[in-house]
Amino acid sequence: MPVGRYDRIAALAALDAHEGPEPIQVAELGAGHGRTVRALLAGAAEAGVPIRVHAIDTGSCLDDDVLHDERVRSLIVPEDQPLPFRDATLDRVISLNVLEHLPHPAGHLLECHRVLRPGGLLVLAHSDWDTVLFASEDDALTRLLIDRFVNDVPDGVRNADGFMGRKLLGLADASPLEVISVGAWADVHLRFDEDSVAWKVAMGVLAATRDDPRLAAAAAGWVEGLRRLARQGRFLFTVTDVALVLRRPVPVDA
Ligand SMILES: C[S@@+](CC[C@H](N)C(=O)[O-])C[C@H]1O[C@@H](n2cnc3c(N)ncnc32)[C@H](O)[C@@H]1O
């Protein structure tokens with residue numbers, strides 16, 4: 001059973017249901033460093049399924065091993081453009097932690113519907129940042145800081161929505177896609193070094209206090225407390241990820 005976020009997403013894509021010698025055509029929207037792409041490649045190899053992954057983003061930051069994999073096609077797209085695929089040409093679309101940055105999340109689902117073949121699947125997943133849990137030495141301060149964090153739009157980003165995870169089902173219900181499954185899990189991290197997910201979130205928390213010098217000072221002390229807990233082996237961070245599997249309906253006369 002997959003336990004990490006990216007392996008879970010790859011498992012939801014049900015690559016093993018693909019039949020025939022042609023590669024399954026999979027697009028990841030907002031592929032970032034390519035962690036999901038890597039999990040998809042591993043999942044396809046395990047299932048013995050040939051795969052082509054179209055890794056789409058507005059900038060290039062795929063890790064080298066993914067970028068140079070011959071099964072991967074990296075596509076850099078301008079923001080707010082239609083997806084670079086013809087209608088009904090993809091078997092799977094993956095969208096993880098992208099929706100909150102888009103000005104029109106409902107339009108994103110319509111585009112996914114357009115490019116999927118009838119019967120094709122969209123794995124739509126998003127962290128719900130309001131559910132962030134930090135084991136800390138001051139729970140009231142943690143709550144205050146997380147409230148600031150989820151209501152902040154970071155520099156360099158047009159949109160952010162700390163409550164997006166819980167909104168996925170409403171968006172899916174209003175779309176032409178069928179809901180196949182709804183799931184959620186806690187993404188758990190025990191590390192608090194500078195490469196860790198929890199560290200990145202804590203830096204987002206600090207940034208969200210930038211207009212409030214007193215709170216910023218308290219937040220800096222809070223981060224020191226997290227480092228102390230980590231040194232003592234008592235650090236814990238989780239965030240709830242919500243993941244839906246949606247299908248483009250097959251016409252009844254097909
Ligand atoms: C939070 S990261 C998530 C990356 C990856 N899906 C993951 O979960 O590791 C959001 C990604 O979406 C990309 N992005 C933002 N707006 C986009 C757009 N309009 N079209 C495609 N990608 C976009 C960003 O460049 C960034 O790589």
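**View 1. Helices α1 and α2 cross.** The axes of helix α1 (residues 5–12) and helix α2 (residues 35–47) come within 8 Å and cross at roughly 55°, where axes are lines fitted to C-alpha atoms over the stretch in contact, with angles from 0 to 180 degrees between N-to-C directions. This is a predicted model, in which local features need pLDDT of at least 70 and side-chain atom pairs count only at pLDDT 80 or more, while totals for chains, interfaces and linings use all residues. Residues are numbered from 1 along each chain as its sequence is written. Helices are DSSP runs of H or I with at least four residues, and strands are runs of E with at least two, numbered from the N terminus.

**View 2. The contact of α1 with α2.** Y6, D7, I9, A10 and A11 of α1 meet R35, T36, A39, L40 and G43 of α2, contact meaning that C-beta atoms placed from the backbone lie within 7 Å.

**View 3. The buried side of α1.** R5, R8, I9, A10 and L12 are the buried residues of α1, a residue being buried if 20 or more other C-beta atoms lie within 10 Å of its own. Their cover includes α2, β4 (90–96), β5 (116–134), β6 (178–189) and β7 (237–247). After α1 comes A14, with a positive phi near 45°.

**View 4. Surroundings of I9.** Apart from its neighbours within four places in sequence, I9 is in contact with T36, A39, I94, L96, V123, A125 and A243.

Notes: Contact = placed C-beta atoms within 7 Å. Buried ≥ 20, exposed ≤ 12 C-beta atoms within 10 Å, placed from the backbone.
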